[in-house]
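User: I'd like to go through this model and check where its labels come from. Can you take me through the calls one at a time?

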Amino acid sequence: MTLTNTEVPGFRAGKWVLDPTHSEVGFHVRHMMVSKVRGAFGVKSATLIASDNPLDFVLHATVDAASVNTNLQIRDDHLRSVDFLDVARFPTMEFVSSGARVSGDEFLVDGELTIRDVTRSITFQVELGGFGSDTDKVYRAGASAKTTIDREDFGLTWSATLETGGLVVGKEVTILLELEGFLTEE
């Protein structure tokens, strides 16, 4: 069932700005078909403009591609190279929302993700963490979100084949967001 309006306790309309010190864009991808490599990116900026209807908002987020960190310098340098993110030519990755909806028990945010100048439609499954004022009376919100993409859809096609026939780097990348933002205008 798709709702056109829903109640979200604590939600307030206005301009929300991401707090990068309390937010993270994480990911994991299968490595050598036996384990997962985890990493993170630094969030450059994110702004959400919300109306009175919690499902009616525009979100624009930018991630610094060169900030990729998997805790292994040689791998991070390879991820920044032309084989993967090509950060010299494509310094940022962007997400722009196109809508939000409720499906069953899930809150979903649809939008366009751009990596290496390639844009694809994706959907994040979102879990709202809550709303409240901090010690400085700044109104804050938190959320977690998750989606899975096929990296090859974005031109990230480098890999090597193992003797067993599998790939060194899996095609599916799970993106995990931990977000906290604050209301700038009420």
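Analyst: Here are the labels, each set against its cut-off. This is a predicted model, so local features need pLDDT of at least 70 and side-chain atom pairs count only at pLDDT 80 or more, while totals for chains, interfaces and linings use all residues. Residues are numbered from 1 along each chain as its sequence is written, and side-chain values use heavy atoms, with hydrogens and water left out.

User: Why does Trp16 count as buried?

Analyst: Buried means under 20% relative accessible area, exposed over 50%, and partly exposed in between (1.4 Å probe, protein chains only). Trp16 has 7% relative accessibility, so it counts as buried. Over the protein, 41% of the 186 residues get that label.

User: Which residues does Trp16 touch?

Analyst: Contact means heavy atoms within 4.5 Å. Leaving out residues up to four places away in sequence, the partners of Trp16 include Ala46, Leu48, Phe131, Tyr139 and Phe182. Trp16 sits in strand S1 (residues 14-18), and its C-alpha atom is 5.9 Å from that of Thr184, 168 residues apart along the chain. For the protein, 59% of the contacts with a separation of 6 or more are between residues 24 or more positions apart.

User: Why is the pair of Phe95 and Phe124 called edge-to-face?

Analyst: Rings of Phe, Tyr and Trp (its six-membered ring) pair if their centres lie within 6.5 Å; planes under 30 degrees apart are stacked, over 60 edge-to-face, and the rest tilted. The structure holds six aromatic pairs. Phe27 and Phe41 are 5.4 Å apart centre to centre with 40° between the planes, hence tilted. Phe95 and Phe124 come in at 5.2 Å and 85°, hence edge-to-face. Phe95 lies in strand S5 (residues 92-103) and Phe124 in strand S7 (residues 118-133), so this pair ties together parts 29 residues apart in sequence.

User: How do you know that Arg12 lies over the face of Tyr139?

Analyst: The rule asks for NZ of Lys or CZ of Arg within 6 Å of the ring centre and within 35 degrees of the ring normal. Arg12 is 3.5 Å from the ring centre of Tyr139 and is listed as lying over its face. Tyr139 is also in a cluster that ring pairs make with Phe11, Trp16 and Phe131.

User: What is in the largest nonpolar core?

Analyst: It has 44 residues, and those with the most contacts inside it are Phe41, Phe107, Leu113, Ile115, Phe124 and Ile149. Strand S4 (residues 57-69) gives the most to this core, with six residues. Such a core is a set of buried Ala, Val, Leu, Ile, Met, Phe, Trp, Tyr and Cys residues joined through side-chain atoms within 4.5 Å.

Technical notes
Helix = DSSP H or I, 4+ residues; strand = E, 2+ residues; numbered from the N terminus.
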